[in-house]
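Please read them with the coordinates open.

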Amino acid sequence: MADMSRLENINPAVYSKSNVRSAAPTDWDDDVYDPIDAREVFELVCDIQDPEHPLTLEQLNVVSESLCYADDEKGVVRVQFTPTIPHCSMAALIGLSIRLKLLHTLPPRFKVSVEITPGSHVSEAAVNKQLADKERVAAALENPHLLAAISKCLKPTLL
């Protein structure tokens, strides 16, 4: 757990988990094409851990299904996320974690876009520019300390 004296948001609001989609009989049938939709994208990112708290991005309402978009035919996925405070220094790390999770789990035909929800962060334009720049993302992922922090966020939790 993070050092309490260094936390930016000492007491964040915690939200309940959304309803999990029920599995359909065809979900396990490889002969049935199942297009990727916003709910599936949300389910991929909702369990990412917050870098400061032992909570998921869903529990902190940083990600929500309403801010996820997917167009299977066009191969486009977009996720907007809302930091818990407007001056959150972890926004880029959260965005990188979301982007990396999507790039590793979605088929390569998808163009992935990750952005801060408009008006929710003081450095929104700068962070969005960093997250949209493939070369800057690749360079960030070569930094061992940053990659370790992202890996910690992506580590699965036991229920």
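**Notes on the fold and its confidence**

1. Confidence. This is a predicted model. The protein chain averages a pLDDT of 88, and 83% of the residues score at least 70. Residues 1-5 are another matter: pLDDT stays under 50 there, and the model has four contacts beyond four places in sequence for them. Where pLDDT is low, the predicted coordinates should not be read in detail.

2. Sheet order. Three strands make an open sheet, ordered β1-β2-β3, with mixed pairing. β1 and β3 are the edge strands, each pairing on one side only. From one strand to the next, the twist averages 10°.

3. β1 (68-71) and β2 (76-81) run antiparallel and are joined by four bridges. Asp 71 stands opposite Val 76 of β2. Four residues lie between the strands of this hairpin, and Gly 75 takes a positive phi near 70°.

4. β2 pairs with β3 (residues 111-116) in the parallel sense, over six bridges.

5. The crossover. What links the parallel pair, and with which hand? From β2 the chain passes through α2 to β3, and this β-α-β crossover is right-handed.

6. The buried side of α1. Which residues of helix α1 (residues 38-45) are buried? They are Arg 39, Val 41, Phe 42, Leu 44 and Val 45. An α-helix has 3.6 residues a turn, so residues three or four places apart point the same way. The cover over the buried residues of α1 includes β1, β2 and α2 (91-105). Note that an arginine, Arg 39, is on the buried list.

7. Cysteines. How many disulfides does the model have? The count comes to zero. For Cys 46, the closest cysteine sulfur is in Cys 68, at 8.9 Å; a disulfide needs the sulfur atoms within 2.5 Å, so this pair is too far apart for a bond. Cys 46 counts as buried because its relative accessibility is 7%, against a cut-off of under 20%. Cys 153 is buried too, with a relative accessible area of 2%.

Notes: Residues are numbered from 1 along each chain as its sequence is written. This is a predicted model: local features need pLDDT of at least 70, side-chain atom pairs count only at pLDDT 80 or more; totals for chains, interfaces and linings use all residues. Side-chain values use heavy atoms; hydrogens and water are left out. Buried means under 20% relative accessible area, exposed over 50%, partly exposed in between (1.4 Å probe, protein chains only). Helices (H or I, at least four residues) and strands (E, at least two) are DSSP runs, numbered from the N terminus. Contact means heavy atoms within 4.5 Å. Two strands pair if DSSP finds at least two bridges between them. A crossover is right-handed if, with the strands pointing away from the viewer, the path from the first strand over the helix to the second runs clockwise. pLDDT is the predictor's confidence in each residue, from 0 to 100. Axes are lines fitted to C-alpha atoms, for helices over the stretch in contact, and angles run from 0 to 180 degrees between N-to-C directions.
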